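Have the sequence and the 3D view open, and let us walk through them together.

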Amino acid sequence: THVIYITGNHDEFLRRYSNSDFGTIQLVDEFQHKTVDGRTLLVTHGDKYDVVVRYHKWLAFLGDNAYNILLVVNRWYNYVREKLGYDYWSLSAYLKHKVKQAVSFIGEYEEAVVQECEKRGCDGVVCGHIHHAEMKKINNSYYYNCGDWVESCTALVENYSGEIEIVKWLEVDKKTFNSQNRKEPNEVVA
């Protein structure tokens with residue numbers, strides 16, 4: 001399997017190795033993906049379109065540390081919820097989406113990423129920086145945000161016809177992933 005690893009602000013130390021190949025793993029800052037149906041998508045983590053990360057490093061550092069603390073609190077909170085029979089719930093995602101400025105920031109961020117995609121002549125963009133899974137059309141471009149695998153447990157997949165879909169881990173039938181039904185490596189689990 002060929003893996004293209006897109007660097008971002010949480011693994012910025014890897015950026016010095018960008019454009020390196022490690023056998024079947026390619027490390028890049030961004031990539032242009034051609035979908036099965038012929039569309040060209042700019043694939044980027046997206047942090048370079050975030051004005052806080054780019055121009056206010058101290059605030060980004062503070063926010064990153066607060067976010068990491070919140071993830072630890074969230075883990076314990078959900079441990080207690082599970083013991084009480086409740087489903088997983090993301091405290092950090094809830095707080096992010098309740099703040100009005102965060103909603104405004106998300107809109108500005110989406111516009112900035114789409115403008116870059118259009119400037120490069122791409123049909124759409126795939127990113128993940130703001131940790132909010134979303135699929136929509138902005139102007140004439142496709143905007144796909146994978147969310148994240150830490151708090152919202154989401155990812156993007158391209159199906160055999162070239163359509164992009166959001167996959168949520170918590171909605172996957174857990175029977176598919178128990179040890180009796182585990183698939184061989186490189187086999188697709190649908």
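Which residues make the nonpolar surface patch of about 680 Å²? The patch is made by Val72, Trp76, Tyr79, Val80, Leu84 and Tyr86. To count here, a residue needs over 30% relative accessible area and no salt bridge; like charges are joined within 9 Å, and nonpolar side chains (Val, Leu, Ile, Met, Phe, Trp, Tyr) within 5 Å. A salt bridge is a side-chain nitrogen of Lys or Arg within 4 Å of a carboxyl oxygen of Asp or Glu. Accessible areas come from the Shrake-Rupley method with a 1.4 Å probe, and for residues only the protein chains shown count as cover.

Before going further, please note that this is a predicted model, in which local features need pLDDT of at least 70, side-chain atom pairs count only at pLDDT 80 or more, and totals for chains, interfaces and linings use all residues. Residues are numbered from 1 along each chain as its sequence is written, and side-chain values use heavy atoms, with hydrogens and water left out.

Now for the overall layout. The protein has four helices and ten strands, taking helices (H or I, at least four residues) and strands (E, at least two) as DSSP runs numbered from the N terminus. Along the sequence they follow the pattern β-β-β-β-β-α-α-α-α-β-β-β-β-β. The protein exposes about 12,600 Å², and carbon and sulfur atoms supply 56% of that area. Of its 190 residues, 31% are buried; buried means under 20% relative accessible area, exposed over 50%, and partly exposed in between (1.4 Å probe, protein chains only).

The largest nonpolar core has twelve residues, among them Leu42, Tyr109, Val114, Val125, Ile138 and Tyr143. Such a core is a set of buried Ala, Val, Leu, Ile, Met, Phe, Trp, Tyr and Cys residues joined through side-chain atoms within 4.5 Å. Two or more of the core residues come from each of α4 (100–119) and β6 (124–127), and α4 gives the most, with four. A second, separate core of five residues includes Leu41, Val43, Val126 and Ile164.

Val114 touches Val125, Ile138, Asn139, Ser141 and Tyr143, leaving out residues up to four places away in sequence; contact means heavy atoms within 4.5 Å.

Asn140 lies between β7 (134–138) and β8 (141–145) and counts as exposed because its relative accessibility is 68%. Beyond its neighbours within four places in sequence, Asn140 contacts Glu118 and Asp123. Lys48, in the loop between β5 (40–44) and α1 (51–55), is partly exposed at 38%, and its side chain makes a polar contact of 3.1 Å with that of Glu30.

Technical notes. Polar contact = N/O pair within 3.5 Å; in protein donor to acceptor, adjacent residues only side chain to side chain.
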